[in-house]
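The explanation follows the structure.

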Amino acid sequence: NSWNPELAEELGRALGEEAAANDVHVVLGPGLNIKRSPLCGRNFEYFSEDPYLAGKMAAAYVRGIQANGVAACPKHFAVNSQELRRMSMNSVLDERTMREIYLTGFEIAVKEGRAKTIMSSYNMVNGTYANENEHLLKDILRREWGFDGFVVTDWGADNDHTDGVKAGSNLLMPAPGADCAMRLLADLEAGKIDESVLDERLAELLGVVNSTHKAVKAAPKSFDVEAHHALARKCAAESIVLLDNDGVLPLSNLTR
């Protein structure tokens, strides 16, 4: 809650430095879903109700993390603002609402932060799972915004692996397993997916794999722990939010 993108970038640099020192190639964040409901159990991970603020802060995080050569992974793409039935819910909305509220932050993170990876969300968007949504992953993310990295699923957010690959998803996590690979090969042989699509997804994935591997291999394997603790304290201090007590406390003042 600091509203300070310079501080966010400084924090990102520390996160990236720690990641590289610990042989971590991808930092699974920042999370920048819009805070639409106080019941969303992951609001503490996100930045704001405002898409512009969320995007600016996320882009700063991404720049900082990736300054160390590791990849940042903005999440969860997209229209993911609740935890209830998160793996089966359907977010229904028109194109203008989606773009103005739910996609603006991701657009800023991609265009200004140059994020190397993006994590797709569990939910459906207008009836199609986000990880199999070609409009999101190809039309908007890659063709309009110029994203050239790879798309990774949220953990277990893969429903039809072949459809996901065709739509622009590159990596299934936590692990694809033999069933997914066999199904993909069977669909390839059946003509349900073209080999050129697999080549395209692999090229997008391997570009990031190779660059991050090289950076992490060359990175120092230690960092100034106390300096990072001091930075964390600075971030906490600048993010303190004071609420005006306008007759609310003590609770005995409240009338039923």
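A crossing of two helices is left-handed if the near helix is turned anticlockwise from the far one by less than a right angle, and right-handed if clockwise. Helices (H or I, at least four residues) are DSSP runs numbered from the N terminus, as are strands (E, at least two). This is a predicted model, in which local features need pLDDT of at least 70 and side-chain atom pairs count only at pLDDT 80 or more, while totals for chains, interfaces and linings use all residues. Residues are numbered from 1 along each chain as its sequence is written, and side-chain values use heavy atoms, with hydrogens and water left out.

Helix H2 covers residues 51-66 and passes H3 in a right-handed crossing. The axes of H2 and H3 are 7 Å apart, at an angle of about 20°. Axes are lines fitted to C-alpha atoms, for helices over the stretch in contact, and angles run from 0 to 180 degrees between N-to-C directions. The angle makes H2 roughly parallel to H3 (under 35 degrees; over 145 is roughly antiparallel, 65 to 115 roughly perpendicular and the rest oblique). In contact (heavy atoms within 4.5 Å) are Pro51, Tyr52, Gly55, Lys56, Ala58 and Ala59 of H2 with Glu100, Ile101, Thr104, Gly105, Ile108 and Ala109 of H3.

H3 (residues 95-111) also packs with H4 (residues 134-144), at about 50° and with axes 12 Å apart. H3 is therefore oblique to H4. This crossing, too, is right-handed. H3 contributes Glu95, Met98, Arg99, Leu103, Val110 and Lys111 to the contact, and H4 contributes His135, Leu136, Ile140, Leu141 and Glu144.
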